[in-house]
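Trainee: Could you walk me through reading some features of a protein model? I would like the general idea and then the case at hand.

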Amino acid sequence: MSAPPPPSPVRAAPAARRRLFGHWWRSQSPARQDRFVTVGPLVSVLLFLAAIISAFWYLRNEEIERETDSLKRDTEIAQQQIQLRLIDSQEQLLRLARELATRTVDSRGFEGQARSFAAERPELTQLLWLAPKRQLQGQWLAPGVESYARGDAPDPSLPLEGRRSEPERAFSTARDLQAPVYSRSFSNGAGMPVFQVHVPLIDRNGFVGALVAEYSVQALERLLVPAEVTKRHAISVLDEAGNEIAGTGGAPGGHAGKRAAIVHDVPLSPGGTGLVLRGIGWRTSIGLISNTLFWMVVALSVLTVWMLLGAWRHMRRRTQIQNALIQETNFRRAMENSMLTGMRAMDLQGRITYVNPAFCAMTGFAESELIDRRPPYPHWPPDRLEENARLLRQELQGRSPAGGVEVKVMRKDGQMFDARMYVSPLIDPKGQQTGWMTSMTNITEAKRIRDQLSASHERFTTVLEGLDAAVSVLSVEQSELLFANRSYRLWFSADARGHALLAGSPPQPGPVEDSVDTFGGLPVQELTQAGSDPREVFIESLQKWFDVRSRYLQWTDGRLAQMLIATDITARHQAEEQQRLQAEKAQVTSRLVTMGEMASSVAHELNQPLTAIANYCSGMVSRVQADTITKDDLIAALKKTARQAERAGQIIHRIRAFVKKSEPQRQPSQANAIVEDAVDLAGIELRRRHVQIHTYVAQRLPTLMVDPILIEQVVLNLVKNAAEAIDMAKLPQARRHIELRVVPRHTPDEGGVIEFSVTDKGPGMKEEVLARMFEAFFSTKAEGLGIGLSLCRSIIESHRGRMRAENIYNGTAVVGCRFSFTLPVEPGARIEPAAPATDPNSTTETTSP
């Protein structure tokens, strides 16, 4: 026997592919197989619909291309016809122009030749023979414009010098170029769109006029476009603005009213007219899209796709429902197995039909020990069988309270715990009750915590009632007083208006509407965590001051509430007021003591102007009596007397302003003005002690918000102390100097400040004196009160500044002492204008006489 022929590779390949496809198909899950079975027909229908649409699209594009080529060809034919007619007419016009230029034709002969020329060209409206100055030498008019030309109005077809018109432009261009020129389209006297060609008349003398031919655009389009072209396509003429001035633009062959699908534009030759010849075509096979076969295919395809999509959505919905049911079952089983609440189901006779793991864990009994058990149940305490039986009968009758019942439950090992049981009926799908479901929660720990909280609440309430401060809690939404302790009730009774007075806002009686809730939309957690700064509130009806602290909290029922703690600080306020008055008195006393110490110097200072006044007065009296004084001498003496009186008045006014008792008043002040007033007051003491002072005030310092009298008092006290230290040390004249400097500084802890410093070359101070010199009633002088430097430091600190003192060393030897204080610069303070002095480091020096 011969061996069988080997299998053909052509047949083996499809079999291998079928086996590979079958293996792949079997490896898919049933859900994926259902999806492929549904998606396969859908894809095939979509591909069939796409093929039909592509075929119609191809036919449509092919038809558009054929129509486009036909439209271009017809439009170019019409362009060539018009172009040939215009070129032929131009050649005839050139021949006539040569005869007119050589004067072989007069005006009568011109009319004859023009009439014969226009007889073959009905598109002409008129022929004009113009002189070089635009005078009309001859004219032929078409019948349509003859009546208008005989009117009184100027002919718009004639060029007029100075008028901006198309005939004038073409005439000027032809004269300048000496060549035929076409004008742009315009409306002639009859309102028809026309254009002109100007042929210049040239002889041996140059330009002698122009021959003008005027064409009607509508006649050109009507007469020169072939009829077979207009049957196929619409031909129109457009001006430069795109407006149609000739042609109907309609669709031939029954296409009227349909929008043009194809447009082709060509310029209307020769150039210069600005006209465009437009051809408009329509697709003849547009009805293919609306044939019955196409829409039947589309409808069947859409119906098939819709049915396949519906089946696919139905299958997907069933799959989703099955998965949701499985997930729900697993979720309920997991929830029942993991929840801490015990679940027990009974039939209508009280037989246990179901218990969850939590119930078994609570009681210690296994599920097999509880299922199908009837009362008494094994988890009932022996001493409470009657009570539990009564509760079970009440439960089976459906009379269990909605809030549940509290029972005692016994574990398998005999231990007892407190539990709360809730009962609800079991309803089957037909709406019939089949039993009862009982949920049980262990409340032993909760009951213990509740008892502790109750005792803690009683202790807390007792503490709040014993406080001297008023504590109140007000509901923000209803303006209802939720809590008030004994002190609040003592001062404000149980009225919510007291809370509003302490909070600084009037009460809002009645419930607050949601639309006007001030705290609507605010996060309660953020609001309750945010506190408020303490405020001092004066209650006029009680004549008391309260220190009020407030915060928002969430009340026990979840409402947003505001809690206030108001402490009576009336006694503290009175003490602070008394302290403030004592401080003011101390400041005035210090100034009076300072002026008392300077009394002899002040008297000496005043004695000089007063003595000068007396001398001037006695001298003037003597000279007036002797009649030896002139009027000018008398006036000069009186002026000197007045100046001395003004000087004495200024000294007294400055002293009165310094020692006058007044409330501290902060106002914009300049450092140089404070220094000048203080140096003027201290000048008397400095001259008496033979001490010189040098001052330096930096240029363009910012404005200070201070009480200038108090700062002047500090500067004067520091300068006077430095002068006393120098004088008491009996220093030589070379060391009897004081330096007063005012400069800006910037420190990390204080920021931008203005520093005042008083430096002397005295013996300095001991370290123990430096440590205590700012203490109240401490003084190194035998007759000193010890309030000067302490008061100065209080004044500077009240202005948020700092004051310090230090010795100046040269090696280990003390060569002087420096007192300095700083004043803060207010943000945005105005810069003091620079002084007119030419030296930026100018100093003011005061010396003894």
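Trainee: Which residues are linked in a network of salt bridges?

Mentor: A salt bridge here is a side-chain nitrogen of Lys or Arg within 4 Å of a carboxyl oxygen of Asp or Glu. Such contacts join Glu 685, Arg 688, Arg 689, Asp 727 and Arg 736 into a network. The structure holds 38 salt bridges. Keep in mind that this is a predicted model, where local features need pLDDT of at least 70, side-chain atom pairs count only at pLDDT 80 or more, and totals for chains, interfaces and linings use all residues. Residues are numbered from 1 along each chain as its sequence is written, and side-chain values use heavy atoms, with hydrogens and water left out.

Trainee: How is Lys 447 classed, buried or partly exposed?

Mentor: Buried means under 20% relative accessible area, exposed over 50%, and partly exposed in between (1.4 Å probe, protein chains only). With 26%, Lys 447 is partly exposed, and Glu 406, with 32%, is partly exposed too.

Trainee: What is the partner of Lys 544 in a salt bridge?

Mentor: That is Asp 568, with the closest N and O atoms 3.5 Å apart. This pair links strand 19 (residues 544-554) to strand 20 (residues 560-568), the two residues being 24 apart.

Trainee: Now a helix, please. Which residues of helix 3 are buried?

Mentor: An α-helix has 3.6 residues a turn, so residues three or four places apart point the same way. In helix 3, Phe 110, Ala 114, Phe 117 and Ala 118 are buried. Seen down the axis, they fall within an arc of 90 degrees (taken from the directions from the helix axis to the C-beta atoms), so they line one face of the helix. The face turned away from that buried side carries the exposed residues Arg 108 and Ala 119.

Trainee: What should the 13 residues of helix 3 span?

Mentor: The expected span is 1.5 Å times one less than the number of residues. For helix 3 (residues 107-119) that gives 18 Å, and the end C-alpha atoms are 18 Å apart, which agrees.

Notes:
Helix = DSSP H or I, 4+ residues; strand = E, 2+ residues; numbered from the N terminus.
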